Amino acid sequence: MCASCGCQGQGTTMTNLQTGARADIAAGSEQDGAAHSRVDHGHGHLHGEHQHAHDHHHEHDHHAHGHEHGHAHAHDHSDHGQAHEHSHHRVELETRILAKNDAIAAKCRAWLAGREIVALNLVSSPGAGKTTLLERAIADLSGELPLFVIEGDQATSNDGERIRAAGAPVVQVNTGTGCHLDAEMIARALSELKPSVASLVFIENVGNLVCPALFDLGEHAKAVIFSTTEGEDKPLKYPHMFSAAKLVIFNKIDLLPHLDFSMERARENILRVNPDAVIVEVSAKTGAGMQTLYDWIRAQRTAVKEQALV
């Protein structure tokens, strides 16, 4: 279940697009999702008690007007208590979900670090160009280093098939009703994908700039892909995601001559939210700026190798 929007990730599946092997994933928060259902059930039960008290008040209202004020007071108190209890359960549930996710993410991070694997969590709004950028990167880098991809979408394997056609091994994770990947999905996907030592793993998250900011996947870094077709104020609207990112990739710079988009203003907004963000300008379509992105990736791989020697 997502601590932001309440999605429970029902119907999550994993497919190895090389072998066709498919498995259902009991998302890391499934137990907590069941708890959420129980909370909701309890909420309904309280609501039923409240309705009974409300009806009881009206019955007495016809027979004993002198008790009207007392019953009305109890009615308001019941509302307050009900809201407080539901809010308390909600906070407890969110805390459990994120704590469980973080524990699994820590194991993923240790597993990746022990194998000198750099995992990049690519996040963006829908249509920002994540898959096109991956296709370009696979074509340019596959002769230099081993590349693997975990592809996240709510439904279909369309993007995963594009990645496979580009030449990278890929595991497709379909989240069903879920709006993000979580650490348990990544742990399962890594087990199926089996990335080699010192490789690069791209995680293409579900298109969403809200919930993926909350969920650590054990990645080396989050990279936000920010399209020039979006507004310059996007970092201000979604500050949690941009502040969590090490890298911001401006994509579709080839469209700048045709757009009313100020790159300078967009940069200023990014740095207001995250002064330490690295900003790279690229066109996944034409290849412009991609070498700068690859240099950044190479630097991350070098840092991971050096850390493994410490």
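What share of the 310 residues in the chain is buried? Some notes on that and a few other things I looked at.

1. First, the overall picture. This is a predicted model, so read everything below as computed from it. Buried residues come to 45% of the chain's 310 residues. DSSP gives 9 helices and 9 strands. If you take contacts with a separation of 6 or more, 74% of them are between residues 24 or more positions apart.

2. Now the main core. The largest nonpolar core holds 32 residues, and Leu 120, Leu 133, Val 149, Leu 200, Phe 202, Ile 249 and Leu 293 have the most contacts inside it. Two or more residues each come from strand 3 (118-124), helix 3, strand 4 (147-153), strand 6 (200-204), strand 7 (221-227), strand 8 (247-251) and helix 9. Helix 9 gives the largest share, at 6 residues. As background, nonpolar side chains in soluble globular proteins tend to be buried together.

3. Leu 293 deserves a look of its own. Leaving out residues up to four places away in sequence, Leu 293 touches Leu 133, Leu 247, Ile 249, Val 280 and Val 282. There is also a second, separate core of 18 residues, with Leu 112, Val 173, Leu 181 and Leu 217 among them.

4. Next, the pairing of helix 3 (residues 130-141) with helix 9 (residues 290-309). Their axes come within 11 Å and cross at roughly 70 degrees. Angles of 65 to 115 degrees count as roughly perpendicular, so that is the label for helix 3 against helix 9. On the helix 3 side the contact uses Leu 133, Arg 136, Ala 137, Asp 140 and Leu 141, while helix 9 brings Met 290, Leu 293, Tyr 294 and Arg 298. Sorted by class, that contact has 6 nonpolar and 3 charged residues, with no polar ones. Note that Leu 133 and Leu 293, both in this contact, are also listed among the core residues with the most contacts.

5. Last, the aromatics. The count is 4 aromatic pairs.

Methods: Residues numbered from 1 in each chain as written. Predicted model: local features only at pLDDT ≥ 70, side-chain atom pairs only at ≥ 80, totals over all residues. Heavy atoms only, no water. Axes fitted to C-alpha atoms, helices over the stretch in contact; angles between N-to-C directions. Helix = DSSP H or I, 4+ residues; strand = E, 2+ residues; numbered from the N terminus. Parallel < 35°, antiparallel > 145°, perpendicular 65-115°, else oblique. Contact = heavy atoms within 4.5 Å. Nonpolar A, V, L, I, M, F, W, Y, C, P; charged D, E, K, R; others polar. Core = buried A, V, L, I, M, F, W, Y, C linked by side-chain atoms within 4.5 Å. Buried < 20%, exposed > 50% of the residue type's maximum accessible area, 1.4 Å probe, protein only. Phe/Tyr/Trp six-rings, centres within 6.5 Å; stacked < 30°, edge-to-face > 60°.
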